[in-house]
Amino acid sequence: MKRMTVPAIRKRKGTDQPLVMLTAYTAPMAHLFDPHCDVLLVGDSLGQVIYGLPSTVPVTLEMMAAHGSAVVRGSYHSLIVIDLPFGSYEASPVQAFESASWLMKQTGAAAVKMEGGAAMAETVRFLTERGIPVMGHVGLTPQAVNMLGGYGARGRSQEEASKIIDDGKAIAAAGAFSLVVEGVVEPIAVELTRGIDCPTIGIGASAQCDGQVLVAEDMLGLFERTPRFVKRFDDLAGRISAAVETYAGEVRSRAFPGAEQTYAPKD
Ligand code: KIV
Ligand code: NA
């Protein structure tokens with residue numbers, strides 16, 4: 001099976017086939033998610049989810065490269081998109097091109113994602129005109145947590161809503177092939193999905209988007225935080241705890257290893 005392509009993702013705009021996207025940071029998880037997804041995102045959320053960092057702000061290009069290569073190796077079907085981490089692209093279009101091209105060479109990912117609105121439009125155009133497909137990300141943009149003051153939903157006021165809509169339209173007009181819309185009130189998702197020519201991919205942005213994304217560890221119940229927009233499709237943390245508790249008990253009672261797990265000599 002051929003990998004999903006950027007034009008194939010774009011073509012899903014306005015169809016009755018919503019795009020399915022999930023984050024992946026490691027080869028085995030990518031391998032499990034790949035057959036069911038259109039896009040796997042190597043998200044900089046790995047800062048919190050994998051490294052226990054307080055936000056995505058400290059995440060580096062080297063961390064993204066290590067996990068991006070693992071996800072590409074663990075998948076064969078989904079389009080792999082990799083986040084540009086904070087500080088690697090905002091200063092100028094040239095800085096963004098250097099970071100994005102380096103990440104694509106290091107990992108084999110086909111596209112990058114960057115946060116930001118109208119201020120990043122020139123950069124989106126610079127990259128897309130030079131062979132780097134860009135996924136945009138507006139609304140709640142976690143790399144801006146120090147400006148926003150937290151992770152609450154965005155666009156509750158009319159003024160903020162208009163700004164987010166203008167931002168999304170600017171990024172789409174600059175050539176982005178899709179747009180993540182995070183943590184916004186539903187009318188913004190409606191307006192953006194109607195108002196731009198590439199697919200919107202929502203996270204905490206209602207069912208009105210052209211696709212959905214979640215952080216895999218959130219939907220699997222593997223990470224302690226639960227924003228309102230996360231649906232837990234399983235409780236893997238509970239299941240892992242129970243399995244480890246059983247293992248510890250069996251080691252302590254000498255029930256494990258048993259005869260089946262023990263090597264015996266041939267004669
Ligand atoms: O880093 C991430 O996981 C993301 C998604 C939540 C869109 O940017
Ligand atoms: Na991200």
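This is a predicted model: local features need pLDDT of at least 70, side-chain atom pairs count only at pLDDT 80 or more; totals for chains, interfaces and linings use all residues.

Biologist: Where is Phe256, and why is it called partly exposed?

Modeller: Phe256 is in the segment after H11. It has 14 other C-beta atoms within 10 Å. Buried needs 20 or more, exposed needs 12 or fewer, and partly exposed is in between. The count of 14 is in between, so Phe256 is partly exposed.

Biologist: How far is Phe256 from Ser162?

Modeller: Their C-alpha atoms are separated by 62 Å, and they are 94 residues apart along the chain.

Biologist: Which peptide bond is cis, and what is its omega?

Modeller: The bond from Phe256 to Pro257 is cis, with omega near -5 degrees. Pro257 is also in the segment after helix H11 (236-252).

Biologist: What is the phi of Arg254, and why is the residue called exposed?

Modeller: Its phi is positive, about 65 degrees, although Arg254 is not a glycine. Arg254 too is found in the segment after H11. With 8 other C-beta atoms within 10 Å, against a limit of 12 or fewer, Arg254 is therefore exposed.

Biologist: Where is Ser206, and why is it called partly exposed?

Modeller: Ser206 is in the loop between S7 and S8.

Biologist: Why does Ser88 count as buried?

Modeller: Ser88 has 22 C-beta neighbours inside 10 Å, and the cut-off is 20 or more, so it counts as buried. Its place is in the loop between strand S3 (79-83) and helix H5 (93-107). Ser88 touches Leu61 and Ser99, not counting residues up to four places away in sequence. Lys113 is 25 residues from Ser88 in sequence and 12 Å away in space, C-alpha to C-alpha.

Biologist: How do you know that S6 and S7 pair?

Modeller: Pairing takes at least two bridges. Four bridges join S6 to S7, so they pair, and they run parallel. Glu182 stands opposite Ile203 in S7.

Biologist: Which other strands pair in this way?

Modeller: Two bridges join S7 to strand S8 (residues 211-214), which run parallel. Ile201 has Gly211 in S8 as its bridge partner. Strand S1 (residues 19-23) is joined to S8 by four bridges, again parallel. There, Leu22 stands opposite Leu214 in S8.

Biologist: Which way do the residues of S7 point?

Modeller: Thr200 and Gly202 point one way, Ile201 and Ile203 the other way, and all are buried. In a regular strand the side chains alternate between the two faces of the sheet.

Biologist: What makes S6, H9 and S7 a right-handed β-α-β unit?

Modeller: The crossover is right-handed if, with the strands pointing away from the viewer, the path over the helix runs clockwise. S6, H9 and S7 make a right-handed unit.

Biologist: Which residues of H9 are buried, and what do they pack against?

Modeller: In helix H9 (residues 186-195) they are Ile188, Ala189, Glu191, Leu192 and Thr193. They pack against strand S5 (134-139), helix H8 (158-173), strand S6 (178-182) and strand S7 (200-203). An α-helix has 3.6 residues a turn, so residues three or four places apart point the same way.

Biologist: Which residues surround ligand 1?

Modeller: Among them are Thr23, Asp44, Asp83, Glu182, Ile203 and Val215. By class, the shell has five nonpolar, three polar and three charged residues.

Biologist: How many helices and strands does the chain have, and why is it called as compact as a globular protein of its length?

Modeller: The chain has eleven helices and eight strands. Its radius of gyration is 20 Å, close to the 18 Å that the globule rule gives for 267 residues, so the chain is as compact as a globular protein of that length. Buried residues make up 44% of the 267.

Notes
Residues are numbered from 1 along each chain as its sequence is written. Chains are lettered from A and ligands numbered from 1 in the order in which they are written. A residue is near a molecule or strand if its C-beta atom, placed from the backbone, lies within 6 Å of it. Ala, Val, Leu, Ile, Met, Phe, Trp, Tyr, Cys and Pro count as nonpolar, Asp, Glu, Lys and Arg as charged, and the others, Gly among them, as polar. Two residues are in contact if their C-beta atoms, placed from the backbone, lie within 7 Å. The radius of gyration is taken over C-alpha atoms; the globule rule is 2.2 Å times the number of residues to the power 0.38.
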